[in-house]
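Hello,

Here is the structure you asked about. My notes follow below it.

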Amino acid sequence: MAFSEQFDVVVVGAGHAGCEAAVAAARMGLKTALFTLSVELIAQMSCNPAVGGIAKGHLVREIDALGGVMGEVTDAVGIQFRLLNTSRGPAVWSPRAQCDKAQYRVKMREVLAREPLLTVKEAEVADVLLESSDCSLQSSGGERQAEDRSLKTEDLRRARRAVGIKLRDGREIGARAVIITTGTFLNGLIHCGEQTHPAGRSGEPPSQLLGEALKLLGLRGTRLKTGTPPRLDGRTIDWSRFTAQPGDAEPTPFSFRTKTIKQRQVPCYIAFTSEETHRVIRENVHRSPMYSGQIKSIGPRYCPSIEDKIVKFPDKTTHQLFLEPEGLNTDEVYVNGMSTSLPVEVQLAMIASVPGLETAKMLRPGYAIEYDAIDPTELERTLETKKIAGLYLAGQINGTSGYEEAGAQGIMAGINAALKLKGEAPLVLDRTEAYIAILIDDLISKGTNEPYRMFTSRAEFRLHLRIDNADRRLTPHGRRVGMIADADWAEFQAKQERVRRMAAVLGKAKRTGDGGRWPEAAGQTFAQLLKRPEVSIELLRRELERAYPEFFARPAEDAAVNAAVIRNELKSVETEIKYAGYLAQQERAIERLKKSEQRTIPEWFEYATVSGLSREMKEKLAHVRPRTLGQASRIPGVTPAAVSLVNVFIEIQRKRLAISS
Ligand SMILES: Cc1cc2nc3c(=O)[nH]c(=O)nc-3n(C[C@H](O)[C@H](O)[C@H](O)COP(=O)(O)OP(=O)(O)OC[C@H]3O[C@@H](n4cnc5c(N)ncnc54)[C@H](O)[C@@H]3O)c2cc1C
């Protein structure tokens with residue numbers, strides 16, 4: 001088959017998932033092409049101009065630790081940085097940054113252009129080209145095998161392999177792996193009041209051809225919804241009426257490689273809805289597509305529309321809003337907390353009813369968008385589809401919501417597509433190692449019937465999965481697969497050595513003098529003193545600067561960033577000391593979990609023949625085909641009893657197979 005061009009890896013869609021996937025595959029030595037509808041809108045922030053926040057900040061740190069780019073780009077264009085939850089335990093400390101949207105796109109294009117093996121192309125992908133076992137080339141419409149459950153995954157997979165893509169203009173591009181990251185574009189439909197129009201997001205066409213083509217591949221699909229708030233003209237807002245919320249004086253960078261943050265920092269502003277706002281919404285909620293029945297698909301529970309808030313919390317007299325700047329060179333303001341799909345004229349009345357926004361002009365109305373997504377239980381832990389070899393899916397297409405969740409899937413799909421083509425073992429992280437692993441495991445084991453958002457509460461061992469130790473947990477993996485450059489690896493090792501020495505100093509060095517504020521602790525080690533709840537490592541800083549001055553000596557590029565980096569490294573050491581007992585206890589639980597994860601379930605395993613297993617259990621397990629007992633135990637509704645039955649029958653079937661072969 002003559003393709004007009006041939007690549008190792010083709011990525012479809014240059015959103016937050018696609019950019020990570022493309023950089024990963026190219027950096028690992030694969031000839032990669034990134035196709036997208038508009039190169040000007042690469043890495044467009046469809047919704048809020050912010051990266052990070054609770055648990056999302058953890059994901060960005062983990063992407064960075066693996067060698068990904070979202071953290072670096074955010075640090076380069078962030079216009080406000082805040083470390084959230086610092087009054088609570090270190091497990092929930094999480095960075096968040098307002099970004100200059102336009103500069104985010106520019107910076108991401110620079111980062112993509114740095115990869116010599118990466119080619120970016122503007123074109124609409126209309127179809128995935130498959131090769132079936134008889135080597136006949138098929139476009140997706142060629143065969144229909146979807147619901148034939150008797151065919152095992154391997155048979156199906158052996159049956160078909162992705163070998164390229166077809167563009168809307170008819171060109172066929174060859175690829176040994178195809179990664180689809182098309183976000184909200186597949187059969188996207190925008191709703192604003194009674195108005196609807198096909199779109200991928202505001203002002204951009206939907207992806208209908210590819211949407212239909214993916215349906216013909218026999219992958220189970222779903223239809224989801226998300227929404228966005230209106231944007232206002234900042235020149236028409238009376239800012240004096242609002243409370244400013246500035247960022248941290250010493251910005252905490254997302255990337256472990258960031259040395260300086262020099263761009264101007266700006267505040268956000270806090271506003272509140274009024275009784276009048278609630279009256280306007282109550283009187284028009286029947287015209288909201290979510291309440292009129294126009295939209296039937298499910299939206300993100302954790303990002304409720306303002307209509308939802310008014311309906312679900314009728315007693316609340318006001319709701320907090322955040323007025324967030326979309327950039328340094330634009331007057332556009334994002335109204336966080338006012339996501340809506342009410343008719344335009346209702347939105348105008350809603351905005352005018354917010355104290356301080358009486359004269360504000362709306363630049364863009366809020367809207368909701370419905371789009372096709374794929375049931376993520378169709379995927380392996382590498383994000384390769386079970387039914388089609390060489391086809392990977394990442395991002396919103398898998399039922400998640402958020403730039404960070406998308407980026408996390410993108411880097412894993414890119415890394416694993418590359419590893420497979422290089423004939424190397426896949427990178428499969430487990431739940432005890434990373435939020436990225438929890439995200440993927442939840443999706444492929446449980447599926448999702450609403451846009452999935454990451455939370456720290458989804459982690460069994462969140463004290464282990466902190467932002468400060470993401471590099472210790474994941475950078476060695478990034479290095480193994482070829483994502484971490486020598487200089488960055490050397491810096492990582494130097495930091496680990498620095499932190500290890502600080503822990504040694506704290507554990508061994510006895511405090512000199514009269515004990516200062518803690519005379520009764522004179523002569524104790526720093527670590528013994530740190531065990532006291534009222535003592536923080538920051539309080540011991542002066543003494544530590546004398547005990548281990550090299551730890552505090554950093555390159556003089558950016559004092560503010562240095563201060564934040566040193567504070568985070570000290571916090572990391574402090575946490576290991578203060579929570580040592582709890583961490584050790586968790587360590588034991590982690591070992592137990594790892595054991596069940598190691599118990600793999602063979603691909604040929606027959607659930608239908610497991611006597612004692614209910615029909616419902618057999619169906620659930622055959623539907624997901626978990627790879628390990630651990631994964632089986634996380635499928636909703638699968639009981640521990642069912643898991644131990646499967647465990648017993650693995651041996652029984654193995655013996656039967658041995659006898660029959
Ligand atoms: C209206 C709206 C509201 C949102 N609200 C929220 C929210 O409140 N909270 C939240 O966390 N997230 C929200 N999001 C989601 C967030 O934007 C996404 O989660 C994130 O952008 C997903 O990243 P992605 O890489 O999967 O896809 P996207 O960032 O959507 O990128 C998809 C890319 O694929 C390209 N593409 C699509 N089809 C084709 C094709 N056939 N050929 C070539 N290229 C193609 C597009 O050009 C685009 O570059 C919202 C998104 C939208 C549109």
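Buried means under 20% relative accessible area, exposed means over 50%, and partly exposed lies in between (1.4 Å probe, protein chains only). This is a predicted model: local features need pLDDT of at least 70, side-chain atom pairs count only at pLDDT 80 or more, and totals for chains, interfaces and linings use all residues. Residues are numbered from 1 along each chain as its sequence is written, and side-chain values use heavy atoms, with hydrogens and water left out.

Helix α12 covers residues 435–446. Helices (H or I, at least four residues) and strands (E, at least two) are DSSP runs, numbered from the N terminus. Eleven of the twelve residues of α12 are buried, so the rest of the structure largely encloses it. Among them are Tyr435, Asp441, Asp442 and Ser445. The buried residues pack against α2 (56–65), α11 (403–421), α19 (615–624) and α20 (629–633). Contact here means heavy atoms within 4.5 Å. Glycine 447 follows α12, with a positive phi near 65 degrees.

Now the annotated site. An unreviewed UniProt entry lists a "binding site" that includes Gly13, Gly18, Ser207 and Gln396. UniProt positions use the numbering used here, feature names are shortened, and annotations may be inferred rather than shown by experiment.

Glycine 13 sits in the loop between β1 (5–12) and α1 (16–27). Its relative accessible area is 11%, so glycine 13 is buried. Glycine 18 lies in helix α1. It is buried too, at 0% relative accessibility. Not counting residues up to four places away in sequence, glycine 18 touches Val11, Gly13, Leu34 and Thr181.

Best wishes

Definitions and conventions: The expected span of a helix is 1.5 Å times one less than its number of residues.
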